[in-house]
Amino acid sequence: MFEPVLEVFSATLKDCPPAQQWLLGALSHHAGQHLSICLSIELSTKLIAPVDVSRLIASTVIATDIPAMFSVAIQKDIDLPRLLGAQTPRMPSPSADAYVRVIKLNTFVSHCLGARYSTDGPDLAEAQDAYFPNSFADLESGTGLSYVTQWTTPKNILWVASYAELSQAVEAVPNNMGSTANDSLGLAHVNRGDDRPILIGIKYPVAHPVEAFKPTVYLADWSAQKIYYLSAADDPSWIGWGCTRSCTGRTKELHERVHNGLPGLTDEFVGGVLGPIDDVGDLDYQSLIQEGLRRLEIATKGYPGGAR
Amino acid sequence: MAHAKNFLTEFDVFDATQWESWLDAALSGNCRVISPERDEALQDYIIRVFKGVPLRQKDIFSQVLSAVITQCPHLESYAERWYILLKIAQVVRPPVQSLLRTMLATGFGNTTVQEMGRETKLQSNLLLVVAKYGVDDWLVEYIWKTSEKNYDDFEYGLLCMRILSWRLDSSCLAYHRNLIPLFKNSLHVAQYQPEFYLVIKRLGCRLVMNWFQTFITKIELFESHSFELWIQGFQVAHLRYKDDPYALSVLAELKARDGRFDINTLSELARVRSEREPDLIPNFMLRIKDTVSWEYDDAMALIAPQFAFPHLHLFRSKSFSAPLEMGSPELELLDRANFLGGHREVGRSPFIQQPTSTVH
């Protein structure tokens with residue numbers, strides 16, 4: 001079943017003696033299989049360099065939780081900026097589409113409203129009322145976001161999707177936009193107790209000059225309990241976009257890119273509320289790995305007929 | 001649901017020692033049991049865990065957090081830890097109110113910390129967490145004192161306004177004496193208007209209008225660029241209350257102030273005339289009569305009977321140089337706004353001109 005993975009590792013990491021042992025350990029459980037497939041896809045499509053993977057593997061303690069150890073190795077790597085995409089080729093924004101960033105309201109409040117708001121329930125409700133009175137479906141009539149003076153994250157990596165594609169996905173389910181976005185983008189946020197996330201979408205201006213790039217395995221959080229990141233070869237009609245697996249595996253997954261932080265936003269950026277989310281259930285590794293192997297086959301042999 | 005169940009099960013058996021150990025590890029970036037989500041800052045991760053556990057566990061967590069806060073040294077080298085602890089305390093509200101007040105009073109808020117690559121002070125977060133326990137006279141006094149002396153940054157001013165508004169009195173409005181001079185650019189307008197929208201929502205448009213009508217008479221104090229910027233934000237915030245007669249009255253007054261009071265404004269006012277306060281609009285018109293350009297005498301006179309306006313003579317004494325013609329857009333507008341009542345017919349109102357005679 002994992003012969004294609006072994007083949008890619010043998011071909012690309014032949015100068016890294018620990019790689020085979022590492023791979024054998026990884027393939028013994030689902031999370032490791034998942035990571036190995038992603039590495040194989042990105043190595044075979046040359047999205048990541050064998051030298052970086054070799055270095056990370058060499059510094060990874062081979063333990064029961066290889067993905068978590070791999071995640072630690074990434075964070076401690078001497079060339080972290082490179083792993084975080086410092087040298088990954090940048091892509092211009094689509095000319096007729098816009099990016100959209102989907103995040104939890106409390107993340108926005110925490111990152112963008114300074115010290116004026118806590119993330120307790122009343123503050124979040126007030127922030128939604130004042131800053132996001134519009135639904136995502138009515139996003140264009142929302143107010144601009146020029147009050148945001150820092151558009152970044154703790155890792156300075158921001159994930160964005162295609163506005164056109166996301167809109168199409170959610171417009172069919174106007175009462176369930178939050179859950180659909182959460183599932184389609186593989187975000188896997190859950191409701192727990194008093195933590196009831198509300199998703200918002202921030203639309204960028206069309207053809208915004210931000211240079212984004214295709215996400216790599218290094219940007220995914222391999223220490224998370226549930227991770228839906230799944231590498232893919234470039235789809236001929238989506239060059240330079242990644243495509244994280246949807247949480248349920250049944251919802252159409254959406255294309256995505258990442259970019260580094262911006263010093264602030266303008267009034268051309270508008271936001272709207274997608275809504276609360278339903279839990280996405282347990283991660284179906286069987287389905288995820290099957291899809292990963294399918295993508296690996298495409299990565300090594302090309303798209304059938306040149307199109308997806 | 002299974003994942004949520006697992007999550008709760010794991011933390012549900014935590015005792016105080018386990019919480020202490022978990023929190024200590026998490027504060028050092030060693031996140032156990034569950035890991036941070038994409039984009040999630042450390043404090044948000046810890047808060048997420050707190051929110052997700054049952055009430056009994058929340059109580060234990062709160063006690064553990066109190067101990068951690070009490071034991072954390074008041075040293076600059078602990079600034080980053082304090083930043084995270086204060087953020088968590090804003091949500092958890094552990095029983096350490098007097099300690100936090102002491103920190104505020106002794107100036108620990110001046111300690112600087114890096115927040116996502118930017119240098120900031122602990123002051124705002126410290127003030128917010130203290131305010132979460134209640135805004136009493138001591139805190140109001142503290143806010144005025146620090147605003148005047150030490151903290152002249154705009155965002156701090158906005159935070160002070162927000163906190164004062166939790167008292168549900170006019171103290172946050174009076175605070176504008178400090179806030180307005182801090183307006184420097186359009187960013188401040190954009191930051192102010194959603195915050196003031198919430199102030200209006202909390203206090204009600206009537207209280208804000210009453211304050212504004214007194215305040216506007218003292219504008220000589222603020223005849224400045226800052227004042228003009230503030231007015232922009234103040235106006236935009238009111239635009240979200242277009243169905244409230246008091247908000248409309250404020251908006252109309254602002255228009256009168258800069259010579260933009262027109263028939264549309266009048267129409268808007270009529271649409272929302274207040275049943276609670278029938279004299280609101282007549283009184284408003286009386287107040288602005290020297291401010292507006294009286295090209296719309298006709299309209300003024302037309303609306304007077306509708307409101308049983310007691311000052312009609314003020315307008316009747318003026319010359320009606322341009323009576324409204326039947327079918328004119330202005331008249332239609334007034335009609336739609338139900339200004340005219342029974343006065344729409346030609347001849348019943350002296351202000352409506354006879355249509356131009358036609359040949360039969």
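**Figure 1. B:Arg93, a partly exposed residue with positive phi.** B:Arg93 counts as partly exposed because 16 C-beta neighbours lie inside 10 Å; a residue is buried if 20 or more other C-beta atoms lie within 10 Å of its own, exposed if 12 or fewer, and partly exposed in between, with C-beta atoms placed from the backbone. Its phi is near 50°, a positive value in a residue other than glycine. B:Arg93 sits in the loop between α5 (79–92) and α6 (97–105) of chain B; helices (H or I, at least four residues) and strands (E, at least two) are DSSP runs, numbered from the N terminus. The model is predicted: local features need pLDDT of at least 70 and side-chain atom pairs count only at pLDDT 80 or more, while totals for chains, interfaces and linings use all residues. Residues are numbered from 1 along each chain as its sequence is written, and chains are lettered from A and ligands numbered from 1 in the order in which they are written.

Figure 2. B:Asp39 belongs to the loop between α2 (16–27) and α3 (42–52) of chain B. Although not a glycine, B:Asp39 has a positive phi of about 75°. Most residues other than glycine have a negative phi. B:Asp39 is buried, as 21 other C-beta atoms lie within 10 Å.

**Figure 3. Packing of α3(A) against α11(A).** Helix α3 (residues 30–44) and helix α11 (residues 285–301) of chain A pack at an angle of about 15°, their axes 9 Å apart. Axes are lines fitted to C-alpha atoms, for helices over the stretch in contact, and angles run from 0 to 180 degrees between N-to-C directions. The two helices are therefore roughly parallel to each other (angles under 35 degrees). Residues making the contact include A:His34, A:Ile37 and A:Ile41 of α3(A) and A:Leu288, A:Gly292 and A:Arg295 of α11(A); two residues are in contact if their C-beta atoms, placed from the backbone, lie within 7 Å.

**Figure 4. The enclosed helix α10(A).** Helix α10 (residues 177–184) of chain A is largely enclosed by the rest of the structure, because 8 of its 8 residues are buried. Among the buried residues are A:Met177, A:Thr180 and A:Asp183. Their cover includes β1 (99–104), α9 (163–171), β3 (198–203) and β5 (270–276) of chain A. Just after α10(A), A:Gly186 takes a positive phi of about 65°.

Conventions
Parallel < 35°, antiparallel > 145°, perpendicular 65-115°, else oblique.
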